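Welcome! Have a look at the structure, then try each task before reading on.

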Amino acid sequence: MRSFTSKMITGAVLGAVVFHAGPSMAAPTFDKCQAALEKATNDLRKATMDTLKLCADAIRKEQALNEFVPPKGKLAKAANTCQGKLAKVFDRNGLSGTTSIQKFNAAIDKAFTAPAAPNQTCNDTFLARLGHMVSGAINQAPGTNDWDFAKTYLAVQTVRSAENEMTAQVRDFVNVINAAKSAPAAIGTGVANAATDCTLPTNCDYKHTSGCRSDLCGLGIMCRTHSCTLSNSGPAPGASFSQVNLAASPLAPFALIGRSSFEICSLEGENYPIGDTGDGYLIVGGPSKQLGSVNLLGNTICVDTIAAEGYCSAGGTFNGHSKNLTLCQDRVTSDAGGIDECAGADTGVGAISEASCFCDLGGGLIGAACGAGVDCGTGTCGVTATGSKCFAGTKTGTVKLAGTGSTVSGDCVVLNSTAFTTLGSMAAFGADMTACTNDDVAAPAAVATTPFTSGTAQAHLLDAVSATGSCTTNVNTNCIEDANCGGSDTCDGTQSLVNDLATAVLVGAPLASVVNFETSNLSGLTLVGGFPAANSGTGDLVTAFKTTCQ
């Protein structure tokens, strides 16, 4: 498969959101959607891996024979055998009937269309909860159907994985394939004996046209990593930095130091639902660590990229999608008659119903469950099971996304999943006394999935808690509203809420020339993002970040 791929690494500090989810639906549960996607991709991966092995083995066998009885002159026949096997998976010219890719597409389509709504196995809500971008009317990503972008992403990642595994097993796999692409004609006549001709159009008939081996010619190194050094001159225009606003005490911006890498996939001519005309690129990514650690309120935050999914536009159907992104979360929805005051589409992530809290016994010890009207004795009610402050009876709204603007050539929009590990002291650095290494002693890192864009980004947290009060009667109960105290008990008025805790509006920048997506000249590309984090381990906060390649 002829593609160029790359992985994106960006940084934030804390929080977790997904890009979008549509209205909630009654049935079925999203675990069934996950199972359907897993089965479709696993079937495609096995078919691809088996075919690559058969192809490589046919070519290698002929190469071995040629070494003992030169010149056998049958490498063209091995190339023809390889083409026939690859056509059953890819079939770029549409002559092989039902292929593995077509079966994969049908399985994904079925998951989203049968049975009729609202009982499909998958829908846009489930797709977003699983961390994928949504196409269609949502206008997040290119594609006509809600699942077109995700389907392309899954197919590319699956084939990419099989090709990478084949290269790991057969280290000169690329040389083996290239030998078949340049195979001279074998002795005799007929299609099977003809030299491979990769100058023929991809829609040539490989069964009847001499030299036509479009699936073989399209096979190659699938992933290419593009990398840039982050501009780290500090929080200034064009620089890479993060800005954290904590409800209790806003923090100043600080620089992000490190590198940003992109795996950029060319989709042109691959017959996927999007990108076949070369009007855009797919961004994929896997685990990586290239950003320096972040210091926040005396803690060391280790930043690890887990995965990336997104696109960059080169025109056509990749233009015209939302690129100016605002994320909002209402920390206390009961203060306005139970109305969530955030505008935008409901992501379905982040809702908190704090009906059950625990007694904080101090020193990291958590006691029995407590709640409105319950006395913890010498402890304070209440904290969550992980030690964050908790307010029984308070309900926090889900994160909502509002998107405006339209992508143009050079714009990129990416979902980036990042793990943040908090090291509270040097004791957590492990035996080597170095932060962010494998021997760190810390709780498992939370993974945050956040949208990054070359447009603009901002985050809001309404009714952020900057200071807590105490209930008038049960004075050892934390409160931010009367509902936390229960009965006729009330909050004593010492609590303080921030009406709108917001980041600055950060402005990104597209790549000046789409050609640079393939030449690894990413200078000037600027991606920005932001998210709200209600009731995080360090309190209510919003974070914005900006990464610029130089």
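**Exercise 1.** With which residue does K53 form a salt bridge?

*Solution.* The model is predicted, so we work from its computed distances.
- Step 1: Look for a nitrogen of Lys or Arg within 4 Å of a carboxyl oxygen of Asp or Glu.
- Step 2: The partner of K53 is D57, with 2.8 Å between the closest N and O atoms.
- Step 3: Both residues belong to helix α1, where 4 residues, about one turn of the helix, separate them.
- Step 4: K53 has a relative accessibility of 44% and is partly exposed; D57, at 36%, is partly exposed too.

**Exercise 2.** Find the residue that pairs with R160 in a salt bridge, and decide whether each partner is buried or exposed.

*Solution.* 
- Step 1: R160 pairs with E263, and their closest N and O atoms are 2.5 Å apart.
- Step 2: Buried means under 20% relative accessible area. E263, at 6%, is buried, and R160, at 13%, is buried as well.

**Exercise 3.** Which parts of the chain does the salt bridge between E165 and R45 tie together?

*Solution.* 
- Step 1: The side chains of E165 and R45 meet at 2.0 Å, N to O.
- Step 2: E165 is in helix α5 (residues 148-169) and R45 in helix α1 (residues 30-68), so this pair joins parts 120 residues apart in sequence.
- Step 3: E165 is partly exposed at 29%, and R45 is partly exposed at 27%.

**Exercise 4.** How many salt bridges are counted?

*Solution.* The count comes to 9 salt bridges.

Notes:
Residues numbered from 1 in each chain as written. Predicted model: local features only at pLDDT ≥ 70, side-chain atom pairs only at ≥ 80, totals over all residues. Heavy atoms only, no water. Helix = DSSP H or I, 4+ residues; strand = E, 2+ residues; numbered from the N terminus. Buried < 20%, exposed > 50% of the residue type's maximum accessible area, 1.4 Å probe, protein only.
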